[in-house]
Every structure is written in C-alpha cells, then in structure tokens.
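Hi everyone. Please have a look at the chain on the screen, and I'll take you through a few spots in it.

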Amino acid sequence: MVKAAGRAYIGGMVTRLYTHPIFLEHITPPGHPERPDRLRAIERVLDDEVFAALDRAEAPEGDEATILYAHPQEFVERVRAMIPDIGIARVDADTTASPKSWQAAVTAIGAANAAVDDVFRGDVANVFVAARPPGHHAEKATSMGFCLFNTAAIAARYAQRQHQAERVAIVDWDVHHGNGTQDIFWDDPSVLYCSTHQMPLYPGTGAVSETGAGNIVNAPLAPQTGSEVFRDAFLSRILPALDNFAPDLIIISAGFDAHHRDPLAEINLTEDDFDWATGQLMQRAGRHSDNRLVSLLEGGYDLQGLAFSVAAHVGRLMKG
C-alpha cells in the first residue's frame with residue numbers, strides 16, 4: 001500500500017467512478033421511487049472534497065452484442081420494441097420505459113463492462129458505477145422490478161468471455177432479492193450468487209433452500225432486523241461461500257434500500273453497515289481476486305439514506 005493525499009491506495013491506484021448524464025434521461029412516472037433524483041443525490045454527496053481523489057470517468061456506451069451474454073435475442077428485441085418515441089411506456093406494473101431508456105440501459109452495461117476491463121488491466125484499484133436503470137431483477141427473458149437488462153449478469157459473463165475469468169462472484173446486498181441474477185446463473189457453477197435481502201418482500205424469491213447448482217447462497221433477513229443480523233449473515237454464510245469459491249472477480253450489486261430510512265422495506269441498516277460490508281468484500285477481493293472488485297448501483301430510494309450510504313461505500317473503496 002502507498003499513501004496519497006491522506007488516503008491509502010492499492011498499488012498506488014485510485015477508485016474510479018463511472019456515470020453519465022444519459023442516466024438522468026431514463027424517465028419514470030411522477031412519484032415513482034426509481035427516479036433521476038437518486039443520481040443527483042449521489043452526485044451531490046460525491047462532490048464533497050473528501051472524494052476529490054476519485055477518478056471520475058464518463059460511462060461509455062455499451063456494445064449491444066454483450067446483452068446477449070445474459071439474455072436471448074428475442075427478448076432483447078422485445079425490450080427494444082417497448083421503448084416509446086414519446087411519453088412513458090409501461091413494461092409491467094412497476095417498470096417503465098421512456099425514449100432514452102434504451103440508451104441509458106446500454107450505457108449502464110457499457111460502464112459495467114468498462115469497469116471489468118479496468119480492474120483486469122490493473123488500471124484502477126476498484127470501480128463504482130452510478131447508473132440507472134438498475135438490473136438485478138431482470139431475468140433471462142423478463143424485464144421487471146424497475147430493471148430492463150441484468151447489468152451485473154452481463155458484466156460477469158463479459159469477464160469470463162473477454163478476460164478468461166474462470167469464477168465470478170456476485171454479492172447482492174439490495175434489500176430485494178435479485179431474482180434475475182439467480183435465474184440467469186441458476187445452473188452455472190462458474191458464477192457464485194450470494195444475496196442478503198428482506199423476506200418476505202418483493203419479488204418473493206430468495207429462500208435458503210434455493211441453491212441452484214450449489215452456486216446460490218441466499219441469506220434472507222426478517223423484517224425489522226438490523227446490523228447484527230445482517231453482519232451475521234455475511235460472517236456465517238456470504239463470506240465463507242466466497243472463501244470456498246475463490247473468485248477471480250467480485251461484483252457487488254450495491255443496493256442501499258436496506259437502510260433504515262428507505263420507504264420500500266423494513267431492514268434497519270445504517271451507512272456504517274455498508275462501510276463494513278464493503279471492507280469485508282475488499283478483503284476477499286485481496287485474498288482471492290488480486291483486488292478485482294466492481295460495484296454496480298442497484299436500489300436505494302430514500303435520497304438521504306442513499307447518499308450517505310453511497311458516501312460510506314465509496315469512501316471505503318477509496319481507502320483500499
């Protein structure tokens with residue numbers, strides 16, 4: 001480790017932040033919790049001088065062909081056809097699309113894949129992608145839960161195809177279970193999917209008994225539980241699974257809606273819990289993955305809880 005500007009950096013490298021103005025142009029209906037103001041809140045908190053050392057980069061538009069790494073062609077074309085020329089189109093009861101939604105989703109994929117490139121090339125210590133729409137509810141052939149495509153799943157497949165990663169781990173601490181990621185990798189032992197989430201809660205999946213090909217590790221949390229139960233789930237289930245799997249890359253599906261302020265769930269975490277969980281995953285990345293870690297924004301719908309939690313998360317990534 002070396003020191004720079006009062007912070008520690010892995011091998012002298014910095015944390016990279018990817019975002020893009022197009023993410024604000026994925027428009028949802030008035031009152032919808034997954035709204036552009038989420039990214040504005042993150043932008044404001046990361047403008048603080050304590051984050052001056054962040055390596056800020058504009059997210060590149062993705063290669064649409066990489067969507068096929070996780071989704072079939074027919075489904076991709078169906079999503080493309082849902083994008084309206086004007087107004088807002090409803091994909092399902094919770095999920096909508098607006099004229100710029102395709103470009104936003106593809107750019108989110110481009111940012112995630114670029115982040116994978118960055119950590120495999122050793123250009124940066126780690127990466128946080130502040131993008132929307134989120135992705136972890138998108139199944140192989142179904143958009144749902146605010147998500148059009150499964151960005152984390154595409155990035156995992158990208159790491160395998162472009163960087164010959166043999167084993168990729170996705171750790172999902174969003175308060176809602178990532179049914180889409182579980183669906184895509186259900187029978188694929190080369191990808192470990194670990195999730196903490198409230199249960200019962202949307203989308204209704206994520207029981208301990210759902211184990212796929214032995215590569216699915218679910219740690220459901222009861223409503224009104226908080227730090228102690230969350231940390232125990234990490235220590236007793238998530239981290240041992242990571243150590244046993246020894247991934248070449250860790251991807252975080254970083255939802256911050258388990259924060260106690262969030263209106264869509266009933267888990268009582270604080271920003272300190274996200275700081276702690278980030279540190280634990282960084283330790284495993286150092287142990288198994290040559291520090292390769294990519295974090296992708298998922299949920300988080302109270303603007304203050306989201307901003308403070310992202311600040312804690314990115315601050316920990318920067319400390320190395």
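Aspartate 47 sits in the loop between helix 1 (37–46) and strand 4 (55–58). Keep in mind that this is a predicted model. Is aspartate 47 buried or exposed? Its relative accessibility is 54%, so aspartate 47 counts as exposed. Aspartate 47 also belongs to a negative surface patch, together with Glu43, Asp48 and Glu49.

Next, the cysteines. How many disulfides are there? The count is zero. Take cysteine 147. Its closest cysteine sulfur is in cysteine 194, 19 Å away, so that is too far for a bond. A disulfide needs the two sulfurs within 2.5 Å. Cysteine 147 counts as buried because its relative accessibility is 0%. Cysteine 194 is buried as well, also at 0% relative accessible area.

Now the prolines. Look at the loop between strand 9 (191–198) and strand 10 (216–221); proline 200 is there. The peptide bond from methionine 199 to proline 200 is cis, with omega near 5°. Proline 203 lies in the loop between strand 9 and strand 10 too. A cis peptide bond joins tyrosine 202 to proline 203, with omega about 5°.

Last topic: positive phi. Glutamine 224 is not a glycine, yet its phi is positive, near 75°. You'll find glutamine 224 in the loop between strand 10 and helix 6 (227–245). Its relative accessible area is 53%, so glutamine 224 is exposed. Alanine 246 is partly exposed, at 24% relative accessible area.

Definitions and conventions
Residues numbered from 1 in each chain as written. Predicted model: local features only at pLDDT ≥ 70, side-chain atom pairs only at ≥ 80, totals over all residues. Heavy atoms only, no water. Patch = residues over 30% accessible without salt bridge, like charges linked within 9 Å, V, L, I, M, F, W, Y side chains within 5 Å. Areas by Shrake-Rupley, 256 points an atom, 1.4 Å probe, with all protein chains shown as cover. Salt bridge = Lys/Arg side-chain N within 4 Å of Asp/Glu carboxyl O. Lys, Arg positive; Asp, Glu negative; His and termini not counted. Charge placed at Lys NZ, Arg CZ, Asp CG, Glu CD. Helix = DSSP H or I, 4+ residues; strand = E, 2+ residues; numbered from the N terminus. Buried < 20%, exposed > 50% of the residue type's maximum accessible area, 1.4 Å probe, protein only.
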